[in-house]
Every structure is written in C-alpha cells, then in structure tokens.
Amino acid sequence: MSFEPKNPVVKWVDSRLPIIGMLHHALNDYPTPKNLSYWWTFGSLAGVMLVVQIVTGIVLSMHYTAHVDMAFDSVEHIMRDVNYGWLMRYMHANGASMFFVVVYLHIFRGLYYGSYKAPRELLWWLGLVIFLLMMATAFMGYVLPWGQMSFWGATVITNLFGAIPIVGESIVTWLWGGFSVDNPTLNRFFSLHYLLPFVIVGVVILHIWALHTVGSNNPTGIEIKDKQDSIPFHPYYTVKDLFGLGVFLIIFCAFLFYAPNYLGHPDNYIPANPLVTPAHIVPEWYFLPFYAILRAVPDKLGGVMLMFGAIAVLFALPWLDKSRVRSARYRPIYKQLFWIFLLDCIVLTYVGGKPAEEPFILIGRIATVYYFVHILILLPLVGLYEKHKPLPSSISEAVLDEKPSAKEAGNA
Amino acid sequence: MTTTTPVEEDGVKRRDFLYIATGGIGAVGTAMAIWPFVDQMNPSADVLALSSTEVDLGAIEVGSEITAVWQGKPVFIRHRTADEIKAANSVDLETLPDPQADTDRAVKPEWLIMVGVCTHLGCVPLKESGDFNGWFCPCHGSHYDTSGRIRKGPAPLNLAVPPYSFIDDKTVKIG
Amino acid sequence: MLKLIKSLSAAVLLSVVTLSGAQASGGGVDLKSVNWQHTGLFGTYDRAAAQRGLQVYQEVCAGCHGLNQVAFRTLQDLGFTEDEVKAIAKEYEFEGGPNDDGDMFDRAGKPFDKFPNPFANEKAARASNGGAFPPDLSLIVKARVGFEDYLYSLMTGYADTPEGFELTEGMSYNAYFPGHQIAMPAPISEEGVEYSDGTKATVDQMAKDVTVFLAWAAEPKLEQRKHMGLRVILFLLVMTGLFFAVKKKIWSDLH
C-alpha cells in the first residue's frame, strides 16, 4: 500500500484521484504467493481474451449489418473485401473458443485447489457470473452471421424458455419480438451481444477487486503467513504471465491461421433458412456438456431446469465442500474424485456432440447423474470423512520441500 | 559480496541487453499487430472498385447544370454560356488565392466539371450566386467564380476537378 | 487409480478434440481423398486448375447454380489480367438504371459486379428444377462436411442404381450424396467442355478443376492467411523464447 510517487504530475493526480496508486497496487506490488504454478496463468489469459474479443468485435461491428437479408452477405463482405477482414472475423470466432478454453482451465484449477473456499466465496461467485455472461454473449454472437446453425441454434435455445410453466410461451414471444426467430430477434441479439462484454468488464473488475482483497490462493492452499511467502506481482508474475501468453498465442494462431474453421460447423456457411432444419444440430463445443445434460432428461421443463441447475449448484460449492483443507494436493480422495469429475465433464462434452441415439443417451444420463452426485453428495461426504495429508507449515516450507537441490544448497 | 562485483557487473550488462531486446521486439510486434486494426477502416476492395461514373450530357442546356454523384460526392456538371467562359478567362491570375487558368480546369471550355464540395469544410456550394456569379457556399461565405475558383472567403483552394474523359460528344466518364 | 483416470481423461479428450475431424469424413461413407495443392501448410491454389475450373463453372454449373458472393474483379487473384476480367464480366447482363426517365435498362457486366444468379428467386429456381433448389456455390466447399473431397466425390460419384435401391422418379443415384438420391443429374460428362490450354477434359479432370475453383471462391484469402500465419508464429516463437529467458533471469534471484 506504500505508494509514494516521485513524479510531480503523478503526485498531483494521485492526491486528487488515487487511481494510479490503485493500479500500482493491483499490478505492481500486489503481494502474491511465491509458489503459483502455470495453472495460475489462465486468469490473466482470460483477461487478454476479453480484450481481444472486444477489440475485434468493435471492428467487426463497423462492417456488419444486423438485418436478416444482409447479415450473411455482410459477413462475407468482411471476409472478402474489408482490409484484413478475414483476420478480424477468424480472430473473433476462434477467439471465442480460446476464451472458453482458458476460462474452463481457470475454473477447473479453482476446483482442484479449492479456490472457492472461504474467504473466496464472493470471488468464486463473481467468476460464475462472468461465466454465465460469457455463455449468453457467445450464444448471441453465434446467431449474428445468420447461417443455418445460427438460426436453428437461436430457435432451439430460445425455445428452452418455453418450458417455464404458464408464462413460458409469452416469454419466448417476447424474446423473439415476433412469432419465430426473425429480424427483431437478430437486431436485439446484436444489441445485447455488443452490450454484454462491457458488463463482463465490470464484473471482471469486481472479480479482481475481490481477489486483491482476499489474496490469491496457491497450490498449497495455505494462506500467506509472512513476508517470506509472498513476492510482488511485478516483475515476477507479469513476466511469468507474459511467457504463458506467448505459448497460448502460438496455439491460438495455429487455429486462427491454419484451421480457422475447425471448431466451427459447415452448416453455418449456408444462409439461414427458416423452412429447413439441418440434419444434425449441435451447439458450439463449449456448450456441449450442458447440451448433453439438457438432452439427458426426457422432459422439457426437467431438462431445462437440470441444465441451469448444473451451473446453479456451482454457486453452492463453497458450502457443499466441507473440507477444511483447500488444495487437492493434500486431499487423497478428493484428488481422485476431481479427476473422475473432469472425466465426467469430458464425457458429457463428447455425448453432447453426438446424435440423440443409443448408446449416447444412456451414457449421457449416467454422466449427468454423476455430475450432480459428485457435487451434491460425494463432495460434502468426502469433506467430512477424508483424512488429509499433513500440511506444510508455510508456503516457504512447501517450496523448499519441492526443491531438494535448493534445500541442499541452503544447508551447505 | 564486494569481491564478486566485476562478475555481477557483467551479469547486469547481459541482463540489460536481454531486457532491452525483449522490450524492443515486443514493441515492434505490437506495432505490427496494430496495423490490421487501423487498415480495416480504409476503403474496402468493393468500395475501391466502384470508382467511376458515366454521365449523359445530352440533356443539359447551355447555361444550366446538373449534379452527378461520384464516389459518394456531388459533381457539378455545368454547360457554360459564352459569357461565363469569357468571364472565367478574363481574370488576372496573380490576384487569385489559388492561381489556375480556366483552360487548366476544363477540357472543353463549355463543360465545367468539378467536385461540388467547398474546400473550406465540405459543404455543397449554391450555384449561380455569390459576388462572382459562380458558386457561393452558405456555410461560411466562400465565393467561387464561373470557373469554380475561390475568390473571396475562408476556403483555401478552388473547387477540385475530378479526373474525367469524354467517351463521345454526349458522354463523360468521371473517375 | 489416479493414473488410470488421468489417462482415461486424456483418451476421451483426444476423441472429443478429433470429433469434428470424424464428422468431416462424411457420415459413414468414406470420401475419395485427393491431395489438393492448396490444403497443406504452405499450400497455394493451382492457378491453371482454377482457371479451367472457372470455365467448367461457366459452361456447366452456371445454368442452375449462382456464385453470388464472388465479384469478377477478384478473378485477378487467379491470374487473369484486368482486360480478361473485363471480358469475362461483359459476358453477363445486369439491370442498370434508373436512367433520367426513371426506366431500368440492361447493361453489360463490369468488374465490380458479382456473378449473377441464374434464377430470379428461390421459387423460380425450384420451378425450373423439379422442386429442388440448386444451392449457390460461393461457399459450397466450406458449407459441406468433407469440404473439397466431398464436392469432388459427389461429382464423380454418379453410378448405376444398385439393385434393390428404390430411386424416386427424376432423381439420380449418387454414392456420396446423403441418402444417395440427388435431384441434380450427373453434371459433367466426358469432353463436356473444351479446355483452351489443351488439357484433356475427362470427368475426373473437370471435377478436380471446378473443385479447386470453388475452393478458391469459398476462401479467397487462404494464401494471405497462411503466409501471414507463418510469419506471426515464427515471431511468436522468438518472442516466447525471449520471455522465457527473461522469466528465468528474473526468477533466478528468488529461493
């Protein structure tokens, strides 16, 4: 907190609006556990992707036309005529996937190391809110090119709200602004797709604020006890994150430049046709696990509720997990359960992309049941009965244990 | 500690070089990455392809003019009278803010073709008005003569002449 | 146990990642696989093939299929000169106007025009094609599972109806079309066009040529994309290496 600027201009500003000091504290001398692994890079990568999406999105909206008769052609205009338009559009489309990749890794890192536990419940909640906003934004963005998958994805997902008893139908009509997905729907989706990323920015600021209030978790799950345990964020983690960013960008660029349509679906290069549904509708890959849960229930309302419930239960996680130890590193049983849960989520993703036929229906149902069993039953039970491994007394000690060579050097 | 100073100094130098190289290459990369985001706002390929317009002159009487559209801008095409041509040619070029002979502004003297955008701040001037019986820009009071040259007011330059050629006696291609 | 779960996760993850690759094989039927010149990491479009493909499109496909995203001017990318492009554009007629009397008139195509649709609207297209709608071909290569291979397989996949297969009146049997019944009769026939460069116009040759042309029509920026990608990734490798060195240096005074 000891920010004492020497530059007179900075001093002048900061004594009136302490924003520079705030940024300095957040990015420079924020005391960070010294033992963060590369799994802690994905938060800042998600931040970078949010910026990439907003910048490319603003560019695309300069050339895009939100009208059912022109949307598809305007996207092709971007791809063919706008200077570097193909780059912007592929960056935005693949960027969405990359954003979800890093966010999913970020979430699973939190699950593994117990980052949702007290006092980080609000931090966890804000993260889930960001996740929900991302899903809404990505869904509406996918509708904008007005291809076949855009149109039928929009139809299927908006129809989910029709499952709500009594008012369902009115809500769907209200969402559409008509009696089917049409021009009013496209226009409002464009408007909201432009708005929501800035809402995400707001929640991200709260997320970082909460993080800096409670401090970062770390692989041991033990709080920082004294100065020895922590290092300033800059330069240690700035440069570590930059290296992580470099590796990540190489992967991003491999998709962007050499397989830009790999994660997309060919049907979305067919202009939307309200009279013909494609043979096999699938959402984008990042929605597949939830799509699998939706389809696992042979009842409209039940499926919709379970799908939203799959995210809702995550909000209760800090209270469902009773263990006093955070990190799975010291929780032998939870560690195994974690990997099974991850496997379960991957199975759900796989099933979500398959047609609704046996054996995928059965596998999907088992995986769905297990998803909830893990969170609602196994997690509380394991927390109560599990015997954890001995915890190191401090982060420094854990670091020294990990590096026998360093220890020897210290002894010598 | 003091005994190792020379080695450390060397280390510091190598380290500084590494930092400067990384920072420098990073800055170059960032600058190159920004260019596509800037260039995307320049005219796109389809806009550049639409750069010429053909206009039929047959219906324009002597002493009247029409406004054609070229690249989204108004283009004045005036069938000048003998008096107007005479007035345009009887000016001492030395006295003009932007000296230009009328013969340099019109391929055929009877046809004056120019972009109808005031060179001050982009308004469209009114025809057959102003102190010189040419064009007058109502926005900030620039007066142009019968050759479209600036004579009075804040505009710095004459009305621009677009590239054009006569396909035949009755048709002109602008652009 | 933990190892088993981890390797199992990895295995399933791998199969999920290759899922879209599996989709690309075209739903059960194995497509004919062609080694296209433009699909590799440094691949570029075969200009001669694409130019011949344009001829096939114009003489064979254009009667029923539009190409409405492709502007004549972009044909210069395929190696046509400006004058050749002007000549190609002139072969088509467009509605111009209104003139000073407010009437519309016919005018010759210009380089900035796009290939015109063969039918006024979808209903007219269906009426002329026994109820089927010939899709626009601008994006056809990217819009079908299997991409170039699918298109090539489809065009060379016409065969006699196998015994026991019930073919609806007016349809043709095709080994690669989903359901094997296609409304489009075999589009290309031996020597269907006369290539100006002397290439023998076999069905196989024409199918390949028009596929290359349509692949270009669907993804005209492919070469720029790969070219830029190579430079960007090389740059990132250097940059990341430097970041790694700096990271090691900075962290070395810790512990």
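**Figure 1. Chain C from end to end.** Of its 255 residues, 41% count as buried (under 20% relative accessible area; exposed is over 50% and partly exposed is in between, with a 1.4 Å probe and protein chains only).

A quick note on what you're looking at: this is a predicted model, where local features need pLDDT of at least 70, side-chain atom pairs count only at pLDDT 80 or more, and totals for chains, interfaces and linings use all residues. Residues are numbered from 1 along each chain as its sequence is written, chains are lettered from A and ligands numbered from 1 in the order in which they are written, and side-chain values use heavy atoms, leaving out hydrogens and water.

**Figure 2. Where chain C meets chain A.** Here 52 residues of chain C are in contact with 51 residues of chain A (heavy atoms within 4.5 Å). The two chains bury about 4,700 Å² between them, 73% of it on carbon and sulfur atoms (this is the accessible area, with a 1.4 Å probe, that two parts lose on being put together, summed over both). Twelve residue pairs are in polar contact across this interface, both residues at pLDDT 80 or more. (That's a pair of N or O atoms within 3.5 Å; within protein, one must be able to donate a hydrogen and the other to accept it, and residues adjacent in sequence count only if both atoms are side-chain atoms.) On the chain C side, α1 (2–17), α2 (19–23), α7 (203–218) and α8 (222–252) each give two or more residues. α8(C) gives the most, with 17 residues.

**Figure 3. A salt bridge between two chains.** The interface of chain C and chain A has one salt bridge (a side-chain nitrogen of Lys or Arg within 4 Å of a carboxyl oxygen of Asp or Glu). Its partners are Asp81(A) and Arg73(C), with the closest N and O atoms 3.1 Å apart. Asp81(A) lies in the loop between α4 (71–80) and α5 (85–112) of chain A and Arg73(C) in the loop between α3 (47–61) and α4 (82–90) of chain C, so the pair joins two chains. Both Asp81(A) and Arg73(C) are buried.

**Figure 4. Where chain C meets chain B.** Twelve residues of chain C touch 13 residues of chain B. About 1,200 Å² is buried between these chains, 75% of it on carbon and sulfur atoms. Look for salt bridges here and you'll find zero.

**Figure 5. Salt bridges within a chain.** In chain B, the side chains of Glu65(B) and Arg78(B) pair up at 2.9 Å, N to O, and both residues are buried. In chain C, Glu191(C) and Lys200(C) form a salt bridge, also with 2.9 Å between the closest N and O atoms. Glu191(C) is partly exposed at 46% relative accessibility, while Lys200(C) is exposed at 54%.

Notes
Helix = DSSP H or I, 4+ residues; strand = E, 2+ residues; numbered from the N terminus.
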